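Hello,

Here is the structure I promised to pass on. Please have a look at it first, and then read my notes below.

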Amino acid sequence: MTALTATSAASSYDDLVERVLAGGYGPDPRTRHVSVAFTTRQAVRHEGRGSGYRNEVLSLRLAEAVGSCAVEPGELPDGAVEDCVGADVARLLEHDAAPVRVAALDAYLAHVLPHGPENGARPCPLPAGTSLEKSRARAAAVVDLVGVAPGSTVLVVGVVNSLLEALRARGLAYVPCDLKGGTTEWGEPVRTDALAELKRCDAVLASGMTLGNGTFEPLRRHARRHGVPLVMFAQTGSAVLPRLIGSGVTAVSAEPYPFFWLDGGPGTVHRYGGTL
């Protein structure tokens, strides 16, 4: 198969995997091995906020690149990290655990198509600051990509209070949705069935974590079928989702490891697509 360019959109997540396995994006993934595998666990409550959250992320290093997939805390199978070290990417793309498959695909694509203008990315600097300051700066960079008129309703899949705050500031209504349920910082109920809310929303803003929990493809198919903007904010699959722009995904804010919450210094997100 002829190597594909960064602008060659795959038709679906599965199609992207098939293209990678066939060598469509560069070197045979059977010849590329993961050298380091690790998890990052975090708990946070920003100063001035009434609630907090936890994160757990599996990350795989392939040469100079790191691919990642977030999981619910405690859900990563025992031995998953050890399974990945020294394994070739092709084998990991067939692993029983979806987070391993996603992190391996992310690492491979970050290796062969690194974030940069040559591969369609527009770097957006994040300033140094407190955890809340950096969260708000990241949220502004993400919400800039949504591109719908004030008064529109955005389905937010994967609740991040700073994103909701940024949508409010732009005059956008939202429907918060997360598998964990609960309430937002402002006491709004968080829905648990994103697909049930799609018909009443004008755009979708979704976490890359949907790749690892199996909820991404129904969102992508709906967006493509109905012409609804689908913007992804991606720590999970930051190198995966840009390859699906044009096949349902409208724009991506890609944030490869290390993530904004790991350091108080300046950082960068990479924006793809959208109307900026």
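Let me start with helix H9 (residues 216–226). The buried residues of H9 pack against H1, strand E5 (153–157), helix H7 (194–197), E7, helix H8 (210–213) and E8. Helices here are DSSP runs of H or I with at least four residues, strands are E runs of at least two, and both are numbered from the N terminus. Packing rests on contact, meaning heavy atoms within 4.5 Å. Phe216, Glu217, Leu219, Arg220, His222 and Ala223 are the buried ones in H9, where buried means under 20% relative accessible area with a 1.4 Å probe, protein chains only. After H9 comes Gly227, which has a positive phi near 70°.

Before going further, a word on the source: this is a predicted model, in which local features need pLDDT of at least 70 and side-chain atom pairs count only at pLDDT 80 or more, while totals for chains, interfaces and linings use all residues. Residues are numbered from 1 along each chain as its sequence is written, and side-chain values use heavy atoms, with hydrogens and water left out.

Next, H5. This helix (residues 131–143) has 13 residues and spans 18 Å from first C-alpha to last, close to the 18 Å expected at 1.5 Å a residue (that is, 1.5 Å times one less than the number of residues). Its buried residues include Leu132, Lys134, Ser135 and Arg138. Among the elements that the buried residues of H5 pack against are strand E4 (122–126), helix H6 (161–169) and strand E10 (267–273).

How do H5 and H6 pack, and at what angle? Their axes are 8 Å apart, at an angle of about 55°; axes are lines fitted to C-alpha atoms, for helices over the stretch in contact, and angles run from 0 to 180 degrees between N-to-C directions. H5 is therefore oblique to H6 (under 35 degrees is roughly parallel, over 145 roughly antiparallel, 65 to 115 roughly perpendicular, and the rest oblique). Leu132, Ser135, Arg136, Ala139, Val142 and Val143 of H5 meet Ser162, Leu163, Glu165, Ala166 and Leu167 of H6.

Finally, helix H1 (residues 13–21) and helix H4 (residues 98–112) have axes that come within 11 Å and cross at roughly 55°, so these two helices are oblique as well. On H1 the contact is made by Tyr13, Leu16, Val17 and Val20, and on H4 by Arg101, Val102, Leu105, Tyr108 and Leu109.

Best wishes

Terms used: Buried means under 20% relative accessible area, exposed over 50%, partly exposed in between (1.4 Å probe, protein chains only).
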